[in-house]
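Here are my notes for anyone opening this one for the first time. Have a look at the picture, then go through the points in order.

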Amino acid sequence: MLKEMELCRLKEQIEKEKLALSKLQTNAETAISKAQKLVSEKNAELLAAEESLSGLVEVEIQYCGDGEIVEVTGSFNGWHHQIEMDPQPSSGIIGPTGSRKTRLWSTMLWLYPGIYEIKFIVDGQWKIDPQRESVTRGTICNNILQVDR
């Protein structure tokens, strides 16, 4: 009789353990399903981003002029921030006093094809490049940057 009670108790314990394992398995399957759905969504986002980026074109912007710091900004970034340009080595023309007068500055950007308005900031002063095409709206004059495929 004692052994039968012990067996009954063990059977009950096994059934409880089976139920607990079943719940764990269900929870694990739910978590795996959610993770697979998230991975699928992220893959779709990544694919969309890659397709979007495939239209970008590398563009070199140059400015020739004097100054210690030259930056560029424009409609390509909503005029929100200025991008520092790099002076090109050996691009300076030595003036009569031995100081560098004019230098060639450049920077590389990745932009979508289109027409943008840009402006240069030379030592804190907004300037256009007279060598570039420009457009005037009211009292504001900006250079034009055309990006082709």
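1. Start with β4 and strand β5 (residues 103-111): they pair in the antiparallel sense over two bridges. Strands here are DSSP runs of E, at least two residues long, and helices are runs of H or I of at least four residues, with numbering from the N terminus. Two strands count as paired if DSSP finds at least two bridges between them. To find the spot, look for D86, which stands opposite S106 in β5.

2. A word on the source: this is a predicted model, where local features need pLDDT of at least 70, side-chain atom pairs count only at pLDDT 80 or more, and totals for chains, interfaces and linings use all residues. Residues are numbered from 1 along each chain as its sequence is written, and side-chain values use heavy atoms, leaving out hydrogens and water.

3. Back to that pair: the open sheet there has three strands, in the order β1-β5-β4, with antiparallel pairing. At the edges stand β1 (57-65) and β4 (86-87), each with a single partner strand, so one side of each has no neighbour in the sheet.

4. Now move to strand β9 (residues 140-147), which is mostly covered, with six of its eight residues buried. Buried means under 20% relative accessible area, exposed means over 50%, and partly exposed is in between (1.4 Å probe, protein chains only). Over the protein's 149 residues, 26% count as buried.

5. Which strands are joined to β9? Strand β6 (residues 114-122) is joined to β9 by five bridges and runs antiparallel to it; there, Y116 has L145 as its bridge partner. Strand β8 (residues 134-137) is also antiparallel to β9, joined by four bridges, and T136 stands opposite C141. The hairpin of β8 and β9 has two residues between the strands, and G138 takes a positive phi near 65 degrees in it.

6. Zooming out, the protein has one helix and nine strands, and the pattern along the sequence is α-β-β-β-β-β-β-β-β-β. The radius of gyration is 33 Å, well over the 15 Å that the globule rule gives for 149 residues, so the protein is more spread out than a compact globule. That radius is taken over C-alpha atoms, and the rule is 2.2 Å times the number of residues to the power 0.38. The C-alpha atoms fill a box of roughly 115 × 35 × 25 Å along the principal axes.

7. Last, contacts, meaning heavy atoms within 4.5 Å. Among those between residues at least 6 apart in sequence, 63% join residues at least 24 apart.
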